[in-house]
Structures are given as C-alpha cells and as structure tokens.
Number of protein chains: 2
Amino acid sequence: MGIKNVKAPLRRGKNGEAAAKSIDFGPLAHWVGFNLRMAQEAAFEAFSRRSQEIGENPGRFGTLTLIARNPGISQTELSLANGRDKSSLTPVVEDLVRRGLVARKRVNSDKRTYSLNLTASGKKTLSQMTRCARQHERSLDAIIGERHRKQFIATLKRIAAEIE
Amino acid sequence: MGIKNVKAPLRRGKNGEAAAKSIDFGPLAHWVGFNLRMAQEAAFEAFSRRSQEIGENPGRFGTLTLIARNPGISQTELSLANGRDKSSLTPVVEDLVRRGLVARKRVNSDKRTYSLNLTASGKKTLSQMTRCARQHERSLDAIIGERHRKQFIATLKRIAAEIE
DNA sequence: AGTATATAGTTTGATCCCAAACTAAATGGC
DNA sequence: GCCATTTAGTTTGGGATCAAACTATATACT
C-alpha cells in the first residue's frame with residue numbers, strides 16, 4: 001500500500017531485559033484522526049493529573065469557567081457550550097451545588113429554567129484551577145513551539161468547525 | 001487578564017428567530033487543551049458516523065488494524081498499543097470473536113496468553129473500514145491543507161510523546 | 001523442589017457520556 | 001380559554017473506560 005511500517009517499542013519481560021517486540025501501527029501512524037486522538041488523550045491525562053492535585057477534574061474546570069464567564073447561564077446553554085448532552089450536566093451541576101461552588105436559582109420569567117452562578121468558594125476554586133491550566137498550557141506551548149502555536153490552534157478550530 | 005472576550009452564537013427560541021445570546025468562552029477559546037479536545041471530538045464524531053454506515057465503530061477499526069498488522073498479538077500488547085486498559089479490551093475482543101472477525105487461540109508456550117488473528121471475515125470488514133477511514137482522512141486533509149499536514153501530525157505526535 | 005513474585009486475562013465497581021422517555025412549564029394556533 | 005407543540009431539566013438504560021481485586025499460570029530465588 002506504499003506505506004512504510006512504523007514500529008513502536010513495547011515494554012516486555014522483566015526490568016532491564018529490553019523490549020523483545022514492537023508493534024506495527026500500519027497506516028494508523030500516518031493518519032490525522034489517530035494522532036489527534038492520541039495527542040488529545042495524552043494532554044487530557046496530563047491536565048487530569050494536575051487537576052487532581054487540587055481535588056478537581058478537567059470537566060469541572062470547563063464548567064466553572066463557562067459559568068464564571070456567563071453568569072446566570074442555564075444548564076441547557078451550558079451543555080451546548082460545553083459540547084455535552086444536557087443530561088450529562090445534571091449530576092455535574094448537582095455535585096457543584098452540593099459542594100457549594102455553584103448557586104442555582106429558578107428564573108421567575110421561566111420556571112423551567114435554572115440560573116447558574118459561581119459562589120465565592122466557586123470563584124476561589126476556579127482561580128486555582130486556572131493556575132493549573134496555565135501551567136498545563138505552558139507545557140503544551142513548550143512542545144508546540146511559539147512559532148506554530150497560533151497556526152496549530154487555528155487548524156484545530158477549523159477541524160472542529162468544518163469536519164463533516 | 002489581557003484576553004479578549006470571544007463569543008460564539010447560541011441557537012435559541014424558534015426557527016428563524018435569531019440567536020438572542022452568545023456564550024463567552026473566556027480563556028478557553030485560546031487554549032490548546034480546549035481546542036484539541038473540541039477538534040478531536042468533532043473528528044471522532046464524524047468518523048463514528050461514517051463507521052456506522054458499515055455497522056462498526058472507531059474502536060473496532062483500531063483494534064482490527066492492530067491485529068491485522070501484528071498477527072498473533074496478545075490482548076495485553078493490543079491494549080498497550082491501543083492506549084486502553086487491558087480490562088477494556090475484554091468485551092471488545094469477546095464481541096469480535098463472537099461475530100467471527102477475530103480468532104483467539106491459547107498459546108502453548110504460555111497458557112495465560114491469547115494469540116489473536118483476523119479471520120477472512122475480519123479481513124473483509126477491515127478493508128471496508130479502511131475505505132471509510134481513507135474518506136475521513138481526505139476530508140481532514142481538505143481542512144488542514146496539504147502544506148501543513150505533515151507538520152500538524154508531527155506536532156500531534158510530539159504532544160502524545162512528550163506531554164508531562 | 002518450594003515459595004514469593006510477576007504476568008495475562010477477567011470481573012467488579014465507579015465515572016462519564018449519550019439517547020430516549022419522561023415531567024413540568026411555556027408558547028402558538030384556534 | 002383550550003389543546004398541541006416546544007422547551008428545560010431529570011431519569012433511565014446502555015456503552016466505554018479505568019482502577020483494583022481476583023484467578024491461573026509462569027518465573028525467579030534460594
């Protein structure tokens with residue numbers, strides 16, 4: 001098929017006993033989709049570890065940021081912005097309310113809707129998480145390189161907007 | 001914080017009745033992590049739709065490709081290559097075996113290990129999926145642009161390899 | 001050989017996600 | 001005002017994933 005084999009080392013056997021095998025990724029290694037997935041998962045994992053240090057997780061960070069930036073936002077608006085189904089948000093918001101990070105009020109003009117806002121405690125947590133996120137971004141920047149960063153993000157945005 | 005607000009339109013109200021609100025993504029919009037997630041999820045979704053047309057899903061594609069390229073591979077090796085926990089692979093392999101796409105044999109030299117291979121039917125399914133994947137790649141290429149593709153993939157690989 | 005340790009794969013329990021069904025409230029057509 | 005439709009949010013059911021506990025083999029040390 002005109003595609004060279006690409007091998008990746010695979011750990012095997014005991015400690016120093018060197019890898020005895022490698023894996024052939026075949027065409028996967030050259031495809032954007034596969035590499036996009038691998039990069040995203042690695043980056044997510046890394047941010048996840050950082051977030052854990054302050055007892056949060058990446059999902060909470062996105063949610064808190066969106067609420068902070070859009071005070072009074074509804075759960076449905078939040079789910080659209082976040083790219084999750086609204087039903088996925090129910091337990092997340094419940095948890096944030098329970099822990100006192102988010103205040104949830106019914107809206108008088110439409111009693112189906114909730115209005116979400118950060119509490120003082122939520123703001124404090126968000127600013128801690130934002131520090132985490134900035135460190136994470138710096139480590140990504142170091143890999144991507146200042147020269148390519150802007151174009152890299154532009155490409156990602158185009159993929160998200162235009163694919164299919 | 002020196003970051004301009006970035007607004008995205010949000011659908012609201014009935015059909016023609018124009019969006020009445022927009023969402024402020026704040027710093028999220030400029031961060032690699034967030035855009036990486038959005039791009040990956042959009043691309044994954046698109047490939048998922050394509051795969052569905054032939055009754056498969058993206059996960060099966062990666063698994064079948066890796067087995068095809070590495071005949072006799074074990075489940076643990078497969079899970080490492082695939083970046084999933086070995087326990088996640090148990091039901092996947094079960095399903096592939098049940099549907100006759102993969103043959104699973106015990107290895108004589110080590111009776112804990114399974115040896116996985118594609119059946120004829122598995123090879124046929126894989127080649128259908130590979131056609132799907134190539135279409136998907138072409139649509140990604142159209143967005144990324146031939147000029148940037150190589151560098152884009154190189155950057156993704158570096159992120160996957162070096163982050164954290 | 002005998003015992004401790006490591007490894008392959010499965011099971012179990014948790015989290016996160018979506019899609020579809022559901023409840024309550026709002027809106028539109030008549 | 002009344003009924004059909006739409007909308008906000010929750011519930012339920014199913015899939016994918018991981019981590020930890022488990023079973024069975026295999027290996028290493030003595």
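Which elements of chain A and chain B each supply at least two residues of the surface near DNA strand D? I started my notebook with this.

**Entry: ground rules.** I noted that this is a predicted model, where local features need pLDDT of at least 70, side-chain atom pairs count only at pLDDT 80 or more, and totals for chains, interfaces and linings use all residues. Residues are numbered from 1 along each chain as its sequence is written, while chains are lettered from A and ligands numbered from 1 in the order in which they are written.

**Entry: DNA strand D.** I looked up the elements, which are DSSP runs numbered from the N terminus (helices are H or I, at least four residues; strands are E, at least two). The answer to my question is α3 (75–82), α4 and β4 of chain A, together with α4 of chain B. I found the largest share, four residues, in α4(A). A residue is near a strand if its C-beta atom, placed from the backbone, lies within 6 Å of it. Of the 21 residues around DNA strand D, the nearest are Thr76(A), Ser87(A), Arg112(A), Asp85(B) and Lys111(B). I sorted this surface by class and got two nonpolar, ten polar and nine charged residues. (Ala, Val, Leu, Ile, Met, Phe, Trp, Tyr, Cys and Pro count as nonpolar, Asp, Glu, Lys and Arg as charged, and the others, Gly among them, as polar.)

**Entry: DNA strand C.** I found 21 residues around DNA strand C, with Asp85(A), Ser88(A), Thr76(B), Ser87(B) and Arg112(B) coming nearest. Two or more residues each come from α4 (86–98) and β4 (110–118) of chain A, and from α3 (75–82) and α4 (86–98) of chain B. Here α4(B) gives the most, with four residues. The classes are three nonpolar, ten polar and eight charged.

**Entry: two helices of chain A.** I checked α2 (residues 58–69) against α5 (residues 120–144), both of chain A; their axes come within 10 Å and cross at roughly 120°. Axes are lines fitted to C-alpha atoms, for helices over the stretch in contact, and angles run from 0 to 180 degrees between N-to-C directions. I therefore wrote down α2(A) as oblique to α5(A), since angles under 35 degrees count as roughly parallel, over 145 as roughly antiparallel, 65 to 115 as roughly perpendicular and the rest as oblique. Residues are in contact if their C-beta atoms, placed from the backbone, lie within 7 Å. On α2(A), I listed Phe61(A), Leu64(A), Thr65(A) and Ala68(A) as meeting residues of α5(A), including Leu126(A) and Met129(A). This contact has six nonpolar, three polar and one charged residues.

Notes. Contact = placed C-beta atoms within 7 Å.
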